[in-house]
Amino acid sequence: MSEPQTEGRPERVLDVKDLKVSFGKAQVLNGVTFHVDKGETVAVVGPNGAGKTTLLRALSRLNAWSGSVELDGRPLPKKPYDVVMAGLVHTPERRRLFPGLTIRDNLELGARRLRKQPSTKADDLERVFSLFPKLKERATQTAGTLSGGEQQQCAIGRSLMGRPRLLLLDEPTLGLSVGVKEAIIAGIKSIQDAGTTMLLVEQDVSFAFRCADRVVVLEHGAVALEGPTAQIAGDPYVKKAYLGVA
Ligand SMILES: Nc1ncnc2c1ncn2[C@@H]1O[C@H](COP(=O)(O)OP(=O)(O)OP(=O)(O)O)[C@@H](O)[C@H]1O
Ligand SMILES: [Mg+2]
């Protein structure tokens with residue numbers, strides 16, 4: 001049975017209000033407010049240094065912040081481990097796999113959140129393998145020997161093994177060729193079709209527009225614009241500054 005829901009109102013998975021992060025004297029996030037509803041993909045786009053990674057790391061409790069963050073209507077747990085256990089699962093920039101472990105072992109580590117339900121692991125592994133067949137072919141190979149695109153698939157797969165309530169993806173296509181990007185996009189679309197809620201950080205605005213339901217434009221640590229993808233994609237400022245269209 002699905003969880004109770006207020007009629008007509010989408011279920012709010014993430015609610016961020018006035019989030020601020022400073023490193024010493026430098027304030028990197030200056031009061032960021034946005035939300036993510038169940039089943040949506042929200043993309044955060046913005047230039048290098050805007051604070052996108054800092055935002056995701058704050059949500060994972062990897063850096064200190066002030067403000068308010070609720071996950072599923074409850075205050076965000078205080079420790080990174082408890083955040084993951086609550087269902088917020090982060091696929092970081094540059095992947096962070098265990099290079100000496102096999103692909104299968106890397107993937108299985110992602111299932112630790114669900115260790116009290118061991119029967120889910122085999123099913124979830126099959127699901128990841130059907131999403132990214134290359135990983136199945138190479139399941140016993142060490143992760144350090146994978147190509148960049150394969151490593152990214154493995155990192156996303158590892159996050160999915162934890163059946164996230166909210167999946168955070170930081171620059172999933174960074175440094176990948178066009179063809180490999182397309183494989184990642186296809187994977188993301190299947191993950192969306194399965195109902196996973198996502199917060200996607202991207203520098204590649206065209207890619208973000210293809211995947212997201214809503215877009216948050218982050219500039220200098222603040223939300224410059226926010227709205228449904230079609231509205232943001234059609235915004236004259238966004239077209240000029242991000243798409244190079246006059
Ligand atoms: N631990 C830290 N200590 C000091 N400054 C930091 C730290 N982490 C990030 N910063 C600074 O915060 C700013 C935002 O960095 P962040 O990594 O969030 O940007 P980003 O939007 O993810 O950029 P990119 O698109 O290049 O990944 C940068 O100026 C960066 O130097
Ligand atoms: Mg970043």
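Helices (H or I, at least four residues) and strands (E, at least two) are DSSP runs numbered from the N terminus, and the expected span of a helix is 1.5 Å times one less than its number of residues. The model is predicted: local features need pLDDT of at least 70, side-chain atom pairs count only at pLDDT 80 or more, and totals for chains, interfaces and linings use all residues. Residues are numbered from 1 along each chain as its sequence is written, while chains are lettered from A and ligands numbered from 1 in the order in which they are written.

**View 1. Helix α7, residues 178–193.** The 16 residues of α7 reach 22 Å from first C-alpha to last, close to the 22 Å expected at 1.5 Å a residue. Ala 183, Ile 184, Ile 188 and Ile 191 are its buried residues (20 or more other C-beta atoms within 10 Å of their own, C-beta atoms being placed from the backbone; exposed means 12 or fewer, partly exposed in between). Because they cover an arc of only 135° around the axis, they lie on the same side of α7; the arc is that of the directions from the helix axis to the C-beta atoms. Val 178, Gly 179, Ala 186 and Asp 193 are exposed on the face turned away from the buried side.

**View 2. The open sheet β2-β1-β4-β5.** Its four strands have antiparallel pairing, where a pair needs at least two DSSP bridges between the strands. The edge strands β2 (26–37) and β5 (74–75) each pair on one side only. Strand β4 (residues 66–71) is joined to β5 by two bridges, and Glu 70 has Pro 75 as its bridge partner in β5.
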